[in-house]
Amino acid sequence: MAEVLVYVDHVDGAVRKPTLELLTLARRIGEPVAVALGAGAEATAATLAEHGAVKVLTADAPEFADYLVVPKVDALQAAHEAVSPAAVLVPSSAEGKEIAARLAVRIGSGIITDAVDLEAGDEGPVATQSAFAASFTTKSRVSKGTPVITVKPNSAPVEAAPAAGAVEALSVSFSEKATGTKVVSRTPRESTGRPELTEAAIVVSGGRGVNGAENFSIIEDLADSLGAAVGASRAAVDAGWYPHTNQVGQTGKSVSPQLYIASGISGAIQHRAGMQTSKTIVAINKDAEAPIFDLVDYGVVGDLFQVVPQLTEEIKSRKG
Amino acid sequence: MSLRIVVCVKYVPDATGDRHFADDLTVDRDDVDGLLSELDEYAVEQALQIAEEADDAEITVLTVGPEDAKDALRKALSMGADKAVHVEDDDLHGSDVMATSLVLAKAVEKTGYDLVICGMASTDGTMGVLPAILAERLGVPQVTLLSEVSVEDGTVKGRRDGDTASEQLEASLPAVVSVTDQSGEARYPSFKGIMAAKKKPVESLELDDLDIDADEVGLEGSWTKVDSAAERPARTAGTIVKDEGEGGKQLAEFLASQKFI
């Protein structure tokens, strides 16, 4: 059976959920071979093995942390040469997409980004993508070289599928270009204790109607009652009420959770582009004509300052 | 010596229009108005600011696209760019990111550059990988997704705000930069700028001028293939209630019925 390279997104050995979803998709096309780089790479092996990785290729060197993107491209290219895979799958993070794209140029392959589903096909893997603010669904494939495909979070279930997960050291010689862009300093984001926006099963977002940074605590309280991530519309972010890292929409994050709750968000195209593929959509807005109500499974026309706290209280009392 | 800045821009269908695919599954450009991609305005703005800081700089705005793509170049020129290059050729129709980046790389090299600046992504394809590919093809450092950028003494510096960390980056010129929508509001063209833009030079190039063969670009020369495109079915109409004092509780009841509580 053909092997499929899976690029591992991890933080000091803790594998992030989208990588486990990639293993589920990789098993549809072949045998997953994981590539884990940087500090803690070997520590990823146990988790990856539980989810279907037959092999885990690892490499660590200071270059991975000290220079932008290119050292990781060098390593993934080395893995590609060692394995000759049927496809290369990479999580659709900002960095993941850049690594995948540069690899594709080097190995003379086409690239598909932001797939939301993947299946085996007669002419190679077929990727499903959302286009034009998720108003269209396309099916595409790579027609030259080894398919390089990046996949969005929440595109597949995480499945247990125990495999050998044998750790093998990957030998990487860095290219002349590897040290071109120096990472002079790195400031980790402060953890909010809430789930990662793009990975969360439930997202609670606030928009213009929240009317002030201080009022976002209402949104956060609802999110915390559900164990959800907090999102914000562009209007709320541009007004300085909530950080840009939480922006949902065309120029922010694109999310696809099981449940999306929009509070005080009208539902302009820029916002819909980032949340339209959510499974269940709920909205609270005082304007009955707001376009967000065209998308909802359940909508409440009303004042969010009344409705949201009541909802939060009700959830807390039901959960006991 | 003058700092040579090339800004790569894209002419895209208006995101607020009714965008769809043509019969050959390329982006339909006939039925929706086109414009300079909003995210590229940030790239033009940062180019202008870097040029203002430099002793001597020249900004060339570059696009690959059909005849109408000149509108995007005019907009950038009216904001203050000095000159424009338009690569236009019938054989380009249907080019994917690999084909387009090949053309851009050759055109950037032909123009001559110290700094290439791009937007973070286009508003139609939304891949966000072209700047990285361009850096790979040109063999120069990639300094991408910056919310802050500056150039001094042949070095480009910037802040990249990622999912897990914020990074300060640094590279020597020549380099490829991309900037996000957090980099600073783009200026509106002034009346004077709009008038001046009409007199600024727009060079037209064809594939022959860049030594690119027709079979390296277009639908045939692309390395990906779209097999189908289907309009997403409209979501089934949901339940909408008016809050009469119990809206939060009704919503909780719905969430419970869907097993979210």
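**Entry 1: chain A as a whole**

I began with burial, and I noted that 59% of the 320 residues in chain A are buried. I keep in mind throughout that this is a predicted model. Next I looked up the secondary structure of chain A, which comes to 9 helices and 18 strands. The radius of gyration of chain A is 21 Å, close to the 20 Å that the globule rule gives for 320 residues, so I wrote down that the chain is as compact as a globular protein of that length. Along its principal axes, the C-alpha trace of chain A spans about 60 × 45 × 40 Å. I also looked at contacts in chain A with a separation of 6 or more, and found that 67% of them are accounted for by residues 24 or more positions apart.

**Entry 2: the two domains of chain A**

I then looked up how chain A is divided, and found domain 1 at 3-179 and domain 2 at 202-319. The centres of these two domains of chain A, taken over C-alpha atoms, are separated by 32 Å. Where the domains meet, 6 residues of domain 1 of chain A are in contact with 9 residues of domain 2 of chain A. On the side of domain 1 that touches domain 2, I noted 3 nonpolar, 2 polar and 1 charged residues.

**Entry 3: one residue, A:Ala59**

I picked out A:Ala59, which has its place in strand β5 (residues 55-59) of chain A. Is A:Ala59 buried or exposed? A residue is called buried if 20 or more other C-beta atoms lie within 10 Å of its own, and A:Ala59 has 23 of them within 10 Å, so A:Ala59 is buried. Leaving out residues up to four places away in sequence, I listed what A:Ala59 touches: A:Leu37, A:Ala41, A:Ala75, A:Ala169, A:Leu170 and A:Val172. I also checked A:Ala262, which is 203 residues from A:Ala59 along the chain, and the C-alpha atoms of the two are separated by 43 Å.

**Entry 4: a sheet with strands from both chains**

I traced an open sheet of 6 strands, with parallel pairing, in the order β15(A)-β14(A)-β16(A)-β17(A)-β18(A)-β13(B). Which strands stand at the edges? They are β15 (229-232) of chain A and β13 (239-242) of chain B, and each has a single partner strand, so one side of each is left without a neighbour in the sheet. Neighbouring strands of this sheet are turned by 15 degrees against each other on average, direction ignored.

Inside this sheet I looked at strand β17 (residues 280-285) of chain A and strand β18 (residues 298-301) of chain A, which pair in the parallel sense over 4 bridges. In β18(A), A:Val300 is the bridge partner of A:Ile284. I then turned to the helices: helix α9 (residues 304-319) of chain A lies across β16 (259-263), β17 and β18 of chain A, and runs at about 135 degrees to β17(A). Helix α7 (residues 247-257) of chain B lies across β17 and β18 of chain A together with β13 of chain B, and runs at about 175 degrees to β18(A).

**Entry 5: where the chains touch**

I looked up the contact between the chains, which takes 63 residues from chain B and 70 residues from chain A. Several elements of chain B each supply at least two residues of the side that touches chain A, among them α3 (97-111), β9 (165-172) and α7. That side of chain B divides into 27 nonpolar, 19 polar and 17 charged residues. I finished with strand β13 (residues 181-188) of chain A, which is joined to β9(B) by 7 bridges, the two running antiparallel. Here A:Ser185 stands opposite B:Gln168 in β9(B).

Definitions and conventions:
Residues numbered from 1 in each chain as written. Chains lettered and ligands numbered in written order. Predicted model: local features only at pLDDT ≥ 70, side-chain atom pairs only at ≥ 80, totals over all residues. Pairing = 2+ DSSP bridges. Axes fitted to C-alpha atoms, helices over the stretch in contact; angles between N-to-C directions. Contact = placed C-beta atoms within 7 Å. Nonpolar A, V, L, I, M, F, W, Y, C, P; charged D, E, K, R; others polar. Buried ≥ 20, exposed ≤ 12 C-beta atoms within 10 Å, placed from the backbone. Domains from an automatic or database assignment. Rg over C-alpha atoms; globule rule 2.2 N^0.38 Å.
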